[in-house]
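Please keep the structure in view while reading.

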Amino acid sequence: MIWLDTIVQGILLGGLYALFAAGLSLVFGIMRLVNLAHGDLIVMAAYLILTVVSVLGINPFLAALIAMPIMFALGWLLQRIVLNRVLGDDILPPLLVTFGLSIVLQNALLEGFSADSQRVSGGALETASWNLGPVTVGIMPLLTFASAILVIVALNQLFYRTALGRAFRATSDDPVTASLMGIKPAGVFAMATGIAMIVVTIAALYLGMRANFDPTVGPARLLYAFEAVIIGGLGSLWGTLAGGIIIGVAQTLGASISPEWQILAGHVAFLVVLLIKPRGLFPRAFD
Amino acid sequence: MAYQVQPRTRTSQIAGALAVGLVILGIILPVFASRTLIQDLFFILSILTLAQFWNLLAGYGGLVSVGQQAFVGLGAYAMFGAVILWGMDPVPALILSGVIATIVAVPTAFFAFRLYGAYFAIGTWVVAEVVRLSFATWKTLGGGTGTSLPRTASDFWGTAWVASLFDVRAAAARDIVTYWLALALAVATIGGIYALLRSKRGLALAALRDNFQAAKSVGVDAQQLKWLVFLVAAFGTGIAGGLIYLQKSRISPDAAFSVTDWTAYVIFIVVIGGIGTIEGPIIGVLVFWALQNTLSDFGSWYLMILGGLGIVVMLFAPRGLWGLFSARTGLQLFPIRRRLLSDHET
Amino acid sequence: MTLLQTQGLTAHYGDFQALFGVDIALDAGQTIAIIGANGAGKTTLMRSIAGVLRNAPEMIRYDGTAIGARPADEVMAMGISMVPEGRKLFASLSVEENLLIGTYGRKIAGHWTLDTVYRLFPILKEKRRVPGTALSGGQQQMVAIGRALMSNPRVLLCDEISLGLAPVVIRDIYAALPEIQNSGASVIVVEQDIGQAMKVATTVYCMMEGRVTLSGAPADLSRDAIHAAYFGAHA
């Protein structure tokens, strides 16, 4: 049944896009920061994982575990030293600074790793599949989707069940009053970006194992991530998953009509959703 | 005590005279300039045009678009289409470039104006991607790999006359004609934008930018102005796109709709030069060109420096180089404000 | 013993000067009131003390320490809590979460816990899971006060807590003041409602255009003196 198969593939692809988007959703939701270097940060994390794998000879999942604290620190520093300075009502400064960062990252990676396509080897998992009767699903896409769900559940737990999560939400609402509660907004933002980078590392793991990557694939990933966040609506992580799935399914349906329609279909789906619901599917009531 | 409104300053009058002189120099330049210089100037003038329009959009209109490359590509493909499909001469086809870009700008604005801030920016980028991917499926115009201008089109309007006037070969004549067109476009763009900003509409734009609510409360029609600015920018960007690809004479979707070449660089130029001023993009283009000339051998390092410079400027000098200079000296070459002078000051 | 005092406090918003040398003093266990018309500088004074606005260090002394330049989160941790003008509850947090976040920067065992705050304002317990801003004005004010109390502050700054509330609601809110005072907090109340201020404070300061124009015990201040200090002699 070709339709069912296409849709299932699309849903699982949506999991990957949701992983791309989750970190972005976190940062955008808390500080309204549009980080145009997000895709390139994912690519950078992929190269980091690749390096750890080749230097230490361990499997990618362990390598990702090692890469996570490194990426956390990098994100924390980036926010503290650079991005905290440009937060404010004007959207241009963060847009331009992160644009610049994107260019710098892409070219630094080009210098460091050359333009050759790379891949993180997932071993047997890459081709393993699971026959579910009417459809057969690849283990890797399934794992990706499951990871996306886990990440979203974990982030929601963090947001809604912990003191830090309360601090995130309060700072997002009103940084000045948050400081009256003893919260340091600058520190909270740095923490948020650091956590976002951990999610980025997980996304990079699956990006690297799924397909070839090179220093220039960042911006396309950024776009898918943003589309997923915007479709989902500001502040809703499950909405981000829904957004990812919508784009994923649109893409696979488009690809089944003609391969060159794949990406186009995803973008068109995004535009259609935005036409009907300019604030996304599940926006917060207050913005 | 009577008051007078004084729109000009001494400096601007001097600058105005200088500008006229520069333009005249620019026109007669091909007589003694090398071909390389003509080509460099073409590049500078065409990017300057793009930068002025992006500045109009973002710096004055508050519309931060990351999708202007859509109109560059549309203008370019419109011209290629007119030449390849209808056998038109490329130069008059440039008008079509502007028209087609403006036509597509209408539904784009209709959609994009429902979004604000970052959503607007990403929305315009996605629209540009949709246009790019659509052209990549259009096989008649080369599809994903692109196409070249047919040989018959290379003797376009003016090339024969220039070739005989300056006694140069056809290729050099083409460069000179496109250079003049770029000069005309840049002068018209800067002149037009300056005129717009000094008009009532320009005042309204500035008011909207400074205080949205207050401006609307005195009757400024924000929607109308946004549409005006967006369509004008699309028109001009389209013509520039057509002209740029006339000079290149080869097109592909990835090149014509490149977000790096037609948006990233343009944004850096405007930001480094000074956003929200007419002088800014001029400075920015010169800095950009100088950087490209001195560092182009360094490939990715050049781009890293450009990106780093953009970051540093945004962090420490958000009004750009011209903003720094203007704040220190109080100079304005293209004054938009009007000063109120009393009797004894005039 | 003077717990908190300002000496020659000045404050600016950019080029605009809002305070021109304000001297006030709060003794331990005392409740003082700051009255004045809109724009007199009362909220600016509160924001300066709370650390939202930064001033020169020695302009504000708390327990002898110069805190004028400290940021809000540090000031809060030292035991000065503010109930901000306009309530400023967090819309993304429930009532209970709004209360809990009051302890983020200062976790000190004391009279005020979630339970005792709920006892002070029972209606809040009913609405504990409701989003903070989905309550009536008076209830929001209770949440804002409770939030500030959760850190067991030694100084409580109440900025216009009666603003926009009906008289009967204002009465209910001020009815909570005695228990707050008894828990060991010294209170500064900013009010436009002169009557209410005079009822609860031992010392009243009147401000106009960034200066203290009158101060004293309520009993010692005549109507005319207050009128002149509040509105200006030629009003």
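Contact here means heavy atoms within 4.5 Å. The structure is a predicted model, and every value below was computed from it.

## Where the two chains meet

Among the residues of chain A, the three named A:L96, A:F99 and A:L223 supply 16% of the area that chain A buries against chain B, which is more than any other three residues.

The rule for salt bridges finds one across the interface of chain A and chain B. A salt bridge links A:E260 with B:K139, and their closest N and O atoms are 3.3 Å apart.

## Two helices within chain A

Helix α1 of chain A covers residues 2–31 and helix α5 of chain A covers residues 139–161; their axes come within 7 Å and cross at roughly 25°. Because angles under 35 degrees count as roughly parallel, α1(A) is roughly parallel to α5(A). The crossing of these two helices, α1(A) and α5(A), is left-handed.

Which residues make the contact? From α1(A) they include A:I11, A:L12, A:G15 and A:L16, and from α5(A) they include A:P141, A:L142, A:T144 and A:F145. Taken by kind, the residues in the contact of α1(A) with α5(A) divide into 15 nonpolar and three polar, with no charged residue among them.

Notes:
Residues numbered from 1 in each chain as written. Chains lettered and ligands numbered in written order. Predicted model: local features only at pLDDT ≥ 70, side-chain atom pairs only at ≥ 80, totals over all residues. Heavy atoms only, no water. Axes fitted to C-alpha atoms, helices over the stretch in contact; angles between N-to-C directions. Helix = DSSP H or I, 4+ residues; strand = E, 2+ residues; numbered from the N terminus. Parallel < 35°, antiparallel > 145°, perpendicular 65-115°, else oblique. Left-handed = near helix turned anticlockwise from the far one by under 90°. Nonpolar A, V, L, I, M, F, W, Y, C, P; charged D, E, K, R; others polar. Buried area = accessible area lost by both parts, 1.4 Å probe. Salt bridge = Lys/Arg side-chain N within 4 Å of Asp/Glu carboxyl O.
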